[in-house]
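Work through the exercises below with the sequence and the 3D model side by side. Try each task before you read its solution.

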Amino acid sequence: DRHAFFRSIHGTMNHILVGDRVWLGRLAGRVPEPGFMGVDGIKSLDQELAADFDELRREREKTDNAIDAWVSTVTADSFTQTIRFVRRGTPQEVPMWWIASQVFNHQTHHRGQITTMLSQAGHDPGSTDIFAMLMEESARQF
């Protein structure tokens, strides 16, 4: 327990996974069953979807692949499409770009918390500067 909003590094990583799956379900037009906030049995924002780290890594990879697949279908015009879903019992209608922004901003927010918890635990998370990471990746490709 690191006294974070989702208690631990593992809990925070599970929360990011929950959020991504809830929003991907909404983008796909999938409607959760009554009493659930997301498809595939998601009931709460702090729900543990994977109890051990190896399982969490596998589930994260599946979800990252689903995000990649969704991104490959997006066009400039699709960002203006209206997405309809129910959030906390209230019907919502928002442009797709709001949800796309939420997915990536949500991950960034909580990944920043994880790097803080790693630092507090005595581990160097390395550079998290996106520009530096892109430059490093670019140098490896060319």
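This is a predicted model: local features need pLDDT of at least 70, side-chain atom pairs count only at pLDDT 80 or more; totals for chains, interfaces and linings use all residues.

Residues are numbered from 1 along each chain as its sequence is written, and side-chain values use heavy atoms, with hydrogens and water left out.

**Exercise 1.** Describe the largest nonpolar core and the elements that supply it.

Solution. Begin with the term: a nonpolar core is a set of buried Ala, Val, Leu, Ile, Met, Phe, Trp, Tyr and Cys residues joined through side-chain atoms within 4.5 Å, where buried means under 20% relative accessible area, exposed over 50% and partly exposed in between, with a 1.4 Å probe and protein chains only. The largest such core has 13 residues, and L27, W70, I83, F85 and I99 have the most contacts inside it. Next, find the elements, remembering that helices (H or I, at least four residues) and strands (E, at least two) are DSSP runs numbered from the N terminus. At least two residues of the core come from each of α1 (9-27), α2 (53-71), β1 (82-87) and α3 (96-120), and α3 gives the most, with 4 residues. Finally, look for a separate group: another core, of 7 residues, lies apart from this one and includes L17, V18, V22 and L49.

**Exercise 2.** Compare the span of α3 with its expected span, and find where its buried residues pack.

Solution. The expected span of a helix is 1.5 Å times one less than its number of residues. With 25 residues, α3 reaches 37 Å from its first C-alpha to its last, close to the 36 Å expected. Then mark the buried positions, among them M96, I99, A100, V103 and Q107. The buried residues of α3 pack against α1, α2, β1 and β2 (90-95).

**Exercise 3.** Decide whether D20 is buried or exposed, and list its partners.

Solution. First locate D20 in helix α1; its relative accessible area is 1%, so D20 is buried. Its side chain makes a polar contact (a pair of N or O atoms within 3.5 Å; within protein, one must be able to donate a hydrogen and the other to accept it, and residues adjacent in sequence count only if both atoms are side-chain atoms) with the side chain of Q107, at 2.7 Å. Leaving aside neighbours within four places in sequence, D20 is in contact, meaning heavy atoms within 4.5 Å, with R60, T63, I67, V103 and Q107.
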